[in-house]
Structures are given as C-alpha cells and as structure tokens.
Amino acid sequence: MYQEPKWKSYIVKLDRPLFTPQQCDDIINLGQSLPKDFGSIGNTKIDSKKETNLKIRKSFVSWILPNMLPPAFDRIQSAVNSVNTNFFNFTPVTIRENAQFTVYDKKGHYNWHMDSNVSFQDQPFVRKVSMSVLLNDPKEFTGGKLEFVSDGHVMELNRGEAVFFASFINHRVTPVTKGIRKSLVMWFNGEPLR
C-alpha cells in the first residue's frame, strides 16, 4: 500500500514574512502605477476565452514583469525552490508568467477555483505551484479570507507573509466586507505532472 510521506504538504505557509513592510509598499506602489483591468476568468494568454463574470470574480489586476522587480523575483524563486524541495517534491519549477498584483475592494471576491486547468490544451505552461502574498495589513480590511479546499479552512496571513500551494488545490477569496485587500499572486511552471 502506498502512502504519502508525513512531511509532504500541498499547502505551505512560510515561517517568516517573504517581504518587509517597505518591500510590500514598493510592490503596492508599482502595482498601482501600472494599467489595471478587471480580474478575468479563463486563460488570457493563449486564447480569446477571457471572461469577466462578477458573480465568480470581482477584483482588479495589474501585471508585474520580472524585470520590474528583479530582487523580489529572485527572492520568490529562492522561496519556491525551498518549498518545492522540502514539501512538494515536484520536478523543478520556475517563473514563466508575470506576477499578478490583485486588489479586492468592497464586495471583491474570487469564488472556488483551481489555478491549473483540467484541460491541458488550454494551458501554455504546466502550472504546478501557486503563491499568494498579502501585501497590506489585514487590519485594513474585513472579509477577504483565503480559504483552501472547503469552507472554513482559512489561511491566516499577516503583511508580507506568503503561502505556496499546489496549483490543483481548490481555493477562494471570500468577499471583502470593508476596506481593501491587496495581494501578489504568482504561478510556477515545470514539466508535466506524472
């Protein structure tokens, strides 16, 4: 009988913040200076299936290219390498997509979803690992909880803290009821899962 090793986990919160408050401010300022769009559903990189459905997702996004924040991207790549080695044990993963600066204002949310597609013909790169970093102080908003797998499985994050998870894990951001939630989201790609 096969069993997964006890050290293995597909949802991993770092034991210390990935970014300092100043680094979070730098990312926020950059994200807010870039063109923003409604958060969409579907793969906007390879097809025309981009869809805005406010019942499923209500957020604003901006795209941060790696050359805009090289030290931050290096820090993120180092962190995902460590998490992958120590918990996921996937083949190596790397950054192949731009980072998403995401803003959820009042009633902003993203219903249950996975970051990888079940139809791989619609996915240009194999997303194996996803990351979410809370950029602002959680005291600045209510609601906006990051939940995994099912209702009530909340990942509590403080400013600058990151959670890495397998991209096939079901997750959501609950509606913001007051204030604004700001995050940095990234995906890491590698060889097909086997």
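**Close-up views of a predicted model**

View 1. Residues are numbered from 1 along each chain as its sequence is written, and side-chain values use heavy atoms, with hydrogens and water left out. Strand β7 (residues 109–113) and strand β13 (residues 171–173) are paired in the antiparallel sense over two bridges, where pairing requires that DSSP finds at least two bridges between two strands, and where strands (E, at least two residues) and helices (H or I, at least four) are DSSP runs numbered from the N terminus. Both strands belong to an open sheet of five strands with antiparallel pairing, in the order β3-β7-β13-β10-β11; its edge strands, β3 (57–58) and β11 (154–155), each pair on one side only.

View 2. Five of the five residues of β12 are buried, that is, under 20% relative accessible area with a 1.4 Å probe and protein chains only. Ala162, Phe164 and Ala166 are buried on one side, and Val163 and Phe165 on the other. Strand β1 (residues 11–13) pairs with β12 in the antiparallel sense over three bridges, with Lys13 opposite Val163, whereas β8 and β12 pair in the antiparallel sense over five bridges, and Val133 has Ala162 as its bridge partner.

**View 3. The largest nonpolar core.** A nonpolar core is a set of buried Ala, Val, Leu, Ile, Met, Phe, Trp, Tyr and Cys residues joined through side-chain atoms within 4.5 Å. The largest has 47 residues, of which Ile64, Met131, Phe164, Leu184 and Phe188 touch the most other members. Its largest share, seven residues, comes from α2. Not counting residues up to four places away in sequence, Leu184 is in contact (heavy atoms within 4.5 Å) with residues including Phe19, Ile27, Ile64, Phe101 and Met131.

**View 4. The second largest pocket.** A pocket is an open set of points on a 1 Å grid over the protein atoms alone, where a 1.4 Å probe fits, with protein on both sides within 12 Å along at least five of seven lines; lining residues have an atom within 4 Å of a point. The second largest pocket holds about 260 Å³ of space, and of its 13 lining residues, Leu14, Asp15, Arg16, Leu18 and Ala79 lie nearest its centre. The most lining residues, seven, are given by α2.

Key: This is a predicted model: local features need pLDDT of at least 70, side-chain atom pairs count only at pLDDT 80 or more; totals for chains, interfaces and linings use all residues. Buried means under 20% relative accessible area, exposed over 50%, partly exposed in between (1.4 Å probe, protein chains only). Grid points are joined across faces, edges and corners, and a volume is the space filled by probe spheres set on the points.
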